[in-house]
Amino acid sequence: MAYGYEEFKKDVYGLTNINLDMYKERQMKRRIESLVARKGFDGFESFFKGMKQDDALLRTFVSYLTINVSQFYRNPAQWENFEHEIIPYLRSNYGDKLTIWSAACSTGDEPYTIAMILSKYISLDKVNIIATDIDEDVLAFAKNGTYPEKSLVDLPKEYLEKHFNLVDKGRYQISDKIAKCVSFKKHNLLEDKYFGGVHLIVCRNVVIYFTDEAKDYVYKQFHRSLEENGILFIGSTEQILKAKELGFETKKTFFYKKI
């Protein structure tokens with residue numbers, strides 16, 4: 001029997017614990033086929049054997065799957081709503097001691113953005129930001145905290161001046177004050193145990209790559225993670241179609257409250 005995509009998916013799961021059945025098949029298969037060809041392999045079987053023998057190729061594959069597109073203060077209007085409406089809501093419900101989970105955080109732009117905005121209102125020693133991703137390479141990049149200028153184009157000048165240091169031409173280092181309140185951990189949204197006691201979950205532009213079944217699973221798990229009346233902040237390309245069925249109601253566009 002010929003080795004095809006079904007066999008490849010099973011082998012990838014055994015090797016990486018990433019379940020490709022939970023991703024939209026046509027879209028993901030096309031992406032992987034493109035990578036296989038670009039790396040000079042003649043098909044899924046030879047590519048999988050290559051990954052088993054070459055850790056760098058395996059890391060490239062995982063990074064490619066996770067589609068790491070991130071930027072500080074991405075979609076500024078949403079962050080303005082977060083600052084002026086969601087932060088006051090969280091403080092009125094829970095006080096200043098907040099636990100926040102930035103899920104699928106990619107290179108860390110998002111959790112650091114959260115910390116910078118919160119620092120205007122709350123002492124950061126009261127804030128616990130957990131930032132997770134499936135890709136160990138992007139987590140290492142995030143922990144390092146050095147970013148190219150293009151990642152900061154949407155960031156308000158006040159944050160750039162206050163929370164970054166220019167390390168060389170076109171590269172900036174996040175301040176220790178902001179870095180210290182973010183803890184980075186490896187986490188697979190489709191396989192690993194979820195955190196509990198969370199007041200705000202930020203998961204943006206990730207589940208669009210998942211099947212409907214996988215989306216529902218993630219949202220149900222987020223619902224369990226959140227404290228009563230907690231907030232889920234999603235991306236500008238997303239909406240929760242069965243919000244009430246999954247235990248959420250709209251608080252503001254792209255922000256959902258646990259009910």
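Predicted model: local features only at pLDDT ≥ 70, side-chain atom pairs only at ≥ 80, totals over all residues.

**Sheet edge and hairpin**

I started at β10, where Phe255 stands opposite Lys252. Residues are numbered from 1 along each chain as its sequence is written, and side-chain values use heavy atoms, with hydrogens and water left out.

For names, I take helices (H or I, at least four residues) and strands (E, at least two) as DSSP runs, numbered from the N terminus. Two strands pair if DSSP finds at least two bridges between them.

β9 and β10 run antiparallel, joined by 4 bridges. Their hairpin has 2 residues between the strands, and Phe254 takes a positive phi near 80 degrees there. Next I checked the other partner of β10: β8 pairs with β10 over 3 bridges, again antiparallel. In that pairing Phe233 has Phe255 as its bridge partner.

Which way do the β10 side chains point? Phe255 and Lys257 go one way, Tyr256 and Lys258 the other, and all are buried (under 20% relative accessible area; exposed is over 50%, partly exposed in between; 1.4 Å probe, protein chains only).

**The whole sheet**

I then traced the strand order: β6-β2-β1-β7-β8-β10-β9, an open sheet of 7 strands with mixed pairing. The edges are β6 (182-186) and β9 (248-252), each pairing on one side only. On average, neighbouring strands are turned by 25 degrees against each other, direction ignored.

For a parallel pair I looked at β1 (98-102) and β2, joined by 5 bridges. Ser102 stands opposite Ala131 of β2.

Two helices went into the notebook here. α5 (76-94) packs on the sheet, touching β1, β7, β8, β9 and β10, and its direction makes about 175 degrees with that of β8. α6 (109-118) lies across β1, β2, β6 and β7 at about 150 degrees to β1. Contact means heavy atoms within 4.5 Å; axes are lines fitted to C-alpha atoms, for helices over the stretch in contact, and angles run from 0 to 180 degrees between N-to-C directions.

I also clicked on His199 in β7. Is His199 buried or exposed? His199 is buried, at 12% relative accessible area. Leaving out residues up to four places away in sequence, His199 touches several residues, including Leu90, Tyr94, Leu226 and Ile231.

**Cores and α4**

Next I looked up nonpolar cores: sets of buried Ala, Val, Leu, Ile, Met, Phe, Trp, Tyr and Cys residues joined through side-chain atoms within 4.5 Å. The largest has 46 residues, and Phe8, Leu20, Ile32, Phe61, Phe222 and Leu232 have the most contacts inside it. α4 gives the most to this core, with 6 residues. A second, separate core has 41 residues, among them Ile100 and Cys181.

I followed up on α4. Its buried residues are Leu57, Leu58, Phe61, Val62, Tyr64, Leu65 and Thr66. They pack against α1, α2, α3 and β2 (127-133). At the N-terminal end of α4, Asp54 is the cap, with a side-chain oxygen 3.0 Å from the backbone nitrogen of Ala56.

Last stop was Phe222. Beyond its neighbours within four places in sequence, Phe222 is in contact with Trp101, Ala103, Leu189, Tyr194, Ile201, Cys203, Leu232 and Phe248.

Terms used: Polar contact = N/O pair within 3.5 Å; in protein donor to acceptor, adjacent residues only side chain to side chain.
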